[in-house]
Amino acid sequence: MLRILIIEDEPSIRELLDDFFNGEGFDTLLATDGRSGVELALKVHPDVILLDVMLPVMDGVEAAHRLKHDARTHDIPIVVMSANLSVLRRPELLAADTVIRKPFDLDELLALIRSQAREAMIA
């Protein structure tokens, strides 16, 4: 069973993603801010991280940077999501493996997450 860490502060989006991915057979872990998301990733080493950009405590850009520059988590695929196109174009997000714009299509997001997990397992 694939384990996905969802780092999202908006309750309705977090619950939607949690319900959807659980229904697709994923084991989901949830964090509501960047700092707790990084800590959880270090502790459980998920297969994929779905990361919002606009987060309290530590934003998604900093969280992605920390995860990709830590030997314990650098190999975990990160899918960054944001409603703000200008944020998604920031060079700092090069740490992410993929970026996706909100609102997203759940089936497309599912395919993207599965693809990232497969690529990580092959590498």
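Me: What makes strand 3 and strand 4 (residues 78-82) a pair, and which way do they run?
Reply: Happy to start there, with the note that this is a predicted model. Strand 3 and strand 4 are joined by four bridges and run parallel. Pairing asks for at least two bridges, and four bridges are found here, so the two strands count as paired.

Me: Which way does the chain cross from strand 1 to strand 2, and what is its hand?
Reply: The path goes from strand 1 through helix 1 to strand 2, a β-α-β crossover that is right-handed. The name applies because the path over the helix runs clockwise when the strands point away from the viewer.

Me: What is the strand order in the sheet, and why do strand 2 and strand 5 (98-101) stand at the edges?
Reply: This is an open sheet of five strands in the order 2-1-3-4-5, with parallel pairing. Strand 2 and strand 5 each have a single partner strand, so one side of each has no neighbour in the sheet. On average, neighbouring strands are turned by 20° against each other, direction ignored.

Me: Why is strand 1 said to be largely enclosed?
Reply: Four of its five residues are buried, so strand 1 is largely enclosed by the rest of the structure. R3 is a residue of strand 1 that counts as partly exposed, because its relative accessible area is 31%, between the cut-offs of 20% and 50%.

Me: Why is the contact between R3 and D27 called a salt bridge?
Reply: The closest N and O atoms are 3.2 Å apart, and the limit is 4 Å, so the pair qualifies. R3 lies in strand 1 and D27 in strand 2, so the bridge ties together parts that are 24 residues apart in sequence. D27 is partly exposed, at 26% relative accessibility.

Me: What makes E24 and R114 a salt bridge, and where do they lie?
Reply: Their side chains meet at 3.4 Å, N to O, which is within 4 Å. E24 lies in the loop between helix 1 (11-23) and strand 2, while R114 lies in helix 5 (residues 106-122), so the pair ties together parts that are 90 residues apart in sequence. E24, at 34%, is partly exposed, and R114, at 33%, is partly exposed too.

Me: Are D70 and R72, which meet in a salt bridge, buried or exposed?
Reply: The two meet at 2.7 Å, N to O. D70 has a relative accessible area of 17% and is buried, whereas R72, at 52%, is exposed.

Me: How many salt bridges does the rule give?
Reply: The count comes to six. E8, D52 and K102 are linked in a network of salt bridges.

How values were computed. Residues numbered from 1 in each chain as written. Predicted model: local features only at pLDDT ≥ 70, side-chain atom pairs only at ≥ 80, totals over all residues. Heavy atoms only, no water. Helix = DSSP H or I, 4+ residues; strand = E, 2+ residues; numbered from the N terminus. Buried < 20%, exposed > 50% of the residue type's maximum accessible area, 1.4 Å probe, protein only. Axes fitted to C-alpha atoms, helices over the stretch in contact; angles between N-to-C directions.
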